[in-house]
Amino acid sequence: MKPTSTNSYKGKMSEQKGPTAQELKEKVSLRDYAAGVVKLERRGNEYWAPCPFHPDKTASFSIKDKNGCEVFYCFGCGKSGDIVTFIE
């Protein structure tokens, strides 16, 4: 008896496609998503909060719009990025 191929699912895995990073950036607001994790406070054009990535008592984490893309930066731990980095 000849063994059957175990790779029958191989093509199906590549067909399952989630949103690309660009689609995620266009559809999900970093500010709205982060607001579900930390309490954001608006200061001018930026939003500030204690950093969700390390123990923090003061607002060292900021979110701002940079060239049409929401980005974050923590002045305490140095972590930075966009919605994709925040979710990772």
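Guide: Let us begin with a term: a residue is buried under 20% relative accessible area, exposed over 50%, and partly exposed in between, with a 1.4 Å probe and protein chains only. Of the 88 residues of the protein, 19% count as buried. This is a predicted model, in which local features need pLDDT of at least 70, side-chain atom pairs count only at pLDDT 80 or more, and totals for chains, interfaces and linings use all residues. Residues are numbered from 1 along each chain as its sequence is written, and side-chain values use heavy atoms, with hydrogens and water left out.

Visitor: How many helices and strands does the protein have, and what makes a run count as one?

Guide: The protein has 4 helices and 5 strands. Helices (H or I, at least four residues) and strands (E, at least two) are DSSP runs, numbered from the N terminus. Along the sequence the pattern is α-α-α-β-β-β-β-β-α.

Visitor: In what order do the strands form the sheet?

Guide: The 5 strands form an open sheet in the order 1-2-3-4-5, with antiparallel pairing. Strand 1 (41-43) and strand 5 (80-81) each have a single partner strand, so one side of each is left without a neighbour in the sheet.

Visitor: How many bridges join strand 1 to strand 2, and how many join strand 2 to strand 3?

Guide: Strand 1 is joined to strand 2 (residues 46-49) by 3 bridges, and strand 2 pairs with strand 3 (residues 61-66) over 3 bridges. Trp48 is the bridge partner of Glu41 in strand 2, and Ser62 is the bridge partner of Trp48 in strand 3. In the hairpin of strand 1 and strand 2, which has 2 residues between the strands, Gly44 takes a positive phi near 65°.

Visitor: Why is Ser62 called buried?

Guide: Ser62 has 5% relative accessibility, and the limit is under 20%, so Ser62 counts as buried. With contact meaning heavy atoms within 4.5 Å, and residues up to four places away in sequence not counted, Ser62 touches several residues, including Trp48, Val71 and Phe72.

Visitor: Is Leu30 buried or exposed?

Guide: Leu30, in helix 3 (residues 30-35), has a relative accessible area of 1% and is therefore buried. Among the residues Leu30 touches are Phe72, Asp82 and Phe86. Leu30 and Phe72 are 42 residues apart in sequence and 8.3 Å apart in space, C-alpha to C-alpha.

Visitor: Why is Asn67 called exposed?

Guide: Its relative accessibility is 79%, and exposed means over 50%, so Asn67 counts as exposed. Asn67 is found in the loop between strand 3 and strand 4, and has a positive phi of about 55° although it is not a glycine.

Visitor: What makes the contact of Lys25 and Asp82 a salt bridge?

Guide: A salt bridge is a side-chain nitrogen of Lys or Arg within 4 Å of a carboxyl oxygen of Asp or Glu. The side chains of Lys25 and Asp82 meet at 3.0 Å, N to O, so the pair qualifies. This pair links distant parts of the chain, with Lys25 in helix 2 (residues 21-27) and Asp82 in the loop between strand 5 and helix 4, 57 residues apart. Lys25 is partly exposed at 33%, whereas Asp82 is buried at 13% relative accessibility.

Visitor: How many salt bridges does this rule give?

Guide: The count comes to 2 salt bridges. Glu41 and Arg43 also meet in one, at 3.3 Å, N to O. Glu41 has a relative accessible area of 44% and is partly exposed, and Arg43, at 41%, is partly exposed.

Visitor: Which residues form the nonpolar patch on the surface?

Guide: Tyr33, Val37 and Ile87 form it, with about 260 Å² of accessible area together. Such areas come from the Shrake-Rupley method with a 1.4 Å probe; for residues, only the protein chains shown count as cover. Patches are made of residues with over 30% relative accessible area and no salt bridge, like charges being joined within 9 Å and nonpolar side chains (Val, Leu, Ile, Met, Phe, Trp, Tyr) within 5 Å. Ile87, in helix 4 (residues 83-87), is partly exposed at 39%.

Key:
Pairing = 2+ DSSP bridges.
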